[in-house]
Amino acid sequence: MPKHGLSVEEKRRRLLQLLFERKDFFQLKELEKIAPKEKGITQQSVKDILQSLVDDAMVDTDRIGTSNYFWALPSKAAMAKKNKLARAKESLDNYRKKRKSLDDAIAKMSQGRESSGKRTELLEKLSVQRERHAALKKELRAYHDCDPAVLQEKADMTVQLKDASNRWTDNVFSVKSWCKNKFNIEESRLNKQFEIPEDLDYLP
């Protein structure tokens, strides 16, 4: 069977145990040599595992000169675990309080919503009114095109489109005139070459 590697938690436990047993100060490079031999922790993972223990306040570190040293005391590790457990319990208590508060709020909101003949009647009336409202909105949309504001908007848009069309027509006539004068080309040839309708004219 293939040999599985150590879990992160097992590596943490073994590296912490190494520091407890040695009761000494170490640099990272020293631990990267010792940990694989004595605790079976891969060299490339020592740095991350060590940093995680430092982050959890289970391993101390200090810079002396240009080097960082690491050490761990069993008493401090026990205190760190105790503090971590206390924080977890506090978080659990806060969660339980929030849960109770939500349960109380739900219970309060549910009051008066118990099934009854009067409530059922009111809900039926509400449903009818909602359907009526939806029907009126649909009917209103059917008359949308007759709305004076909509008609005015369409009229304004028509004027704008007609002006734009006439501007383009004017541009076409200008280009045709320039081509006829510049290259001495007949208008019929220009129209055929560029697919310009013979009856092209301005919109009234």
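Analyst: The account below begins with the core and then moves to its surroundings.

The model is a predicted one. Its largest nonpolar core comprises 18 residues, and L15, L31, L53 and V59 have the most contacts inside it. Three helices, α1 (8-22), α2 (28-39) and α3 (43-55), each supply at least two residues of this core. Of these contributions, that of α3 is the greatest, at five residues. As a general background, nonpolar side chains tend to be buried together in soluble globular proteins.

Apart from neighbours within four places in sequence, L53 is in contact with R12, L15, L16, M58 and V59.

Is R12 buried or exposed? R12 has a relative accessible area of 9%, and because the cut-off for buried is under 20%, R12 counts as buried. Two polar contacts of its side chain can be described. One, of 3.0 Å, joins R12 to the side chain of S52. Another links the side chains of R12 and D56 at 2.9 Å. With neighbours within four places in sequence left aside, the residues in contact with R12 are I49, S52, L53, D56 and M58.

Strand β1 (residues 60-64) runs antiparallel to β2, and five bridges join them. Within this pairing, R63 has N68 in β2 as its bridge partner. The two strands form a hairpin with two residues between them, and G65 in the turn has a positive phi of about 70°.

Strand β2 (residues 67-71) also carries W71, whereas F25 lies in the loop between α1 and α2. The rings of F25 and W71 form an edge-to-face pair, with 5.1 Å from centre to centre and 65° between the planes. A search of the whole structure finds one aromatic pair. Because of where its two members lie, the pair ties together parts that are 46 residues apart in sequence. F25 is partly exposed, at 47% relative accessibility, and W71 is likewise partly exposed, with a relative accessible area of 22%.

Technical notes: Residues are numbered from 1 along each chain as its sequence is written. This is a predicted model: local features need pLDDT of at least 70, side-chain atom pairs count only at pLDDT 80 or more; totals for chains, interfaces and linings use all residues. Side-chain values use heavy atoms; hydrogens and water are left out. A nonpolar core is a set of buried Ala, Val, Leu, Ile, Met, Phe, Trp, Tyr and Cys residues joined through side-chain atoms within 4.5 Å. Buried means under 20% relative accessible area, exposed over 50%, partly exposed in between (1.4 Å probe, protein chains only). Helices (H or I, at least four residues) and strands (E, at least two) are DSSP runs, numbered from the N terminus. Contact means heavy atoms within 4.5 Å. A polar contact is a pair of N or O atoms within 3.5 Å; within protein, one must be able to donate a hydrogen and the other to accept it, and residues adjacent in sequence count only if both atoms are side-chain atoms. Rings of Phe, Tyr and Trp (its six-membered ring) pair if their centres lie within 6.5 Å; planes under 30 degrees apart count as stacked, over 60 as edge-to-face and the rest as tilted. Two strands pair if DSSP finds at least two bridges between them.
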